[in-house]
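Dear colleague,

I am passing on a structure that I would like you to look over. The notes on what was found in it follow below.

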Amino acid sequence: MKLLPLIMVCLVGALMIYASFGLPYRADVNAPFNRDTSAVGSIGAANHYIRNAMKDANTPNVVTVILADYRGYDTLGETTVIFTAGLVCYLLLRRKEYENKS
Amino acid sequence: MKTSHESPIVVLVSRLLAPFIQLFALYVIFHGHYSPGGGFQGGTILAASVILMRLAVGEQAGNLQFRRSWSSKLSATGVFIYALTGIVAMLLGGMYLDYKFLPIPGLTDAETRAMGILMVEIGVAIGVMATMISIYDDLLEEHYND
């Protein structure tokens, strides 16, 4: 039964391509991540993070706030990648229970 | 794996060190709000203490500390805690992973966000720790089977 996984992959891929149309253009000045400017006038989201991290999350460590709050999706993906790596090792290498059954 | 009683010095030193490594790992996880650290680093240090015990005292006694069958389940649990934090925030009216909407009474918005970050870091730590131990156990599978 290889057809079902293929359909699932195609569906998720189509969903992601569809979602990517909702992203703002990278050089768009009015995009949310280009809205803030630093003290010398350069555009970028980093200035917003540095200025508002303590106010938004009551946490002195800016890196933690960016990692877990502003970029929470990113960290969820990283955790899933590590989990997937462990899962692949499990599937490839662990075979004790399997051998006992057969 | 060979017998675990080859060197009493190694066993003794590992048994002395492991609790302090775990304590340091908890410090790294829970102090991630104020200093370098967080879930990934703390989880790796936690896994290091468990793997140290497995290396030193062998498979049988290592299993008493942390069972081999736990690791795969715990790694899924860690990711699930992370995802669940986001889903709870979404169900209570916010965006996905918007910690402001977590149901923690008596805190301001900023403090609720700090608590949300802590929950997420704990999930990451559990997931990373269990995954490291799981990979270590899987690589030793040949030894266990012999």
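This is a predicted model: local features need pLDDT of at least 70, side-chain atom pairs count only at pLDDT 80 or more; totals for chains, interfaces and linings use all residues.

Residues are numbered from 1 along each chain as its sequence is written, and chains are lettered from A and ligands numbered from 1 in the order in which they are written.

On overall form, the radius of gyration of chain A is 21 Å, whereas a compact globule of 102 residues would be near 13 Å (taken over C-alpha atoms, the globule rule being 2.2 Å times the number of residues to the power 0.38). The C-alpha trace of chain A spans about 70 × 35 × 20 Å along its principal axes. Of its 102 residues, 16% count as buried, where buried requires 20 or more other C-beta atoms within 10 Å of the residue's own, exposed 12 or fewer, and partly exposed a number in between, with C-beta atoms placed from the backbone.

Within chain A, the axes of helix H2 (residues 45-57) and helix H3 (residues 62-70) come within 9 Å and cross at roughly 75° (axes are lines fitted to C-alpha atoms over the stretch in contact, and angles run from 0 to 180 degrees between N-to-C directions). That makes H2(A) roughly perpendicular to H3(A), a term for angles of 65 to 115 degrees, with under 35 roughly parallel, over 145 roughly antiparallel and the rest oblique. Among the residues that meet are A:Tyr49 and A:Ile50 in H2(A), and A:Val65 and A:Ile66 in H3(A), contact being C-beta atoms, placed from the backbone, within 7 Å.

Between the chains, 28 residues of chain A are in contact with 32 residues of chain B. The largest share of the chain A side, 13 residues, comes from H4(A).

In chain B, B:Met119 lies in helix H4 (residues 109-139) and counts as partly exposed because it has 18 C-beta neighbours inside 10 Å. B:Met119 touches B:Ile81 and B:Thr85, not counting residues up to four places away in sequence, and its C-alpha lies 9.7 Å from that of B:Gly39, 80 residues apart in sequence.

With kind regards

How values were computed: Helices (H or I, at least four residues) and strands (E, at least two) are DSSP runs, numbered from the N terminus. Two residues are in contact if their C-beta atoms, placed from the backbone, lie within 7 Å.
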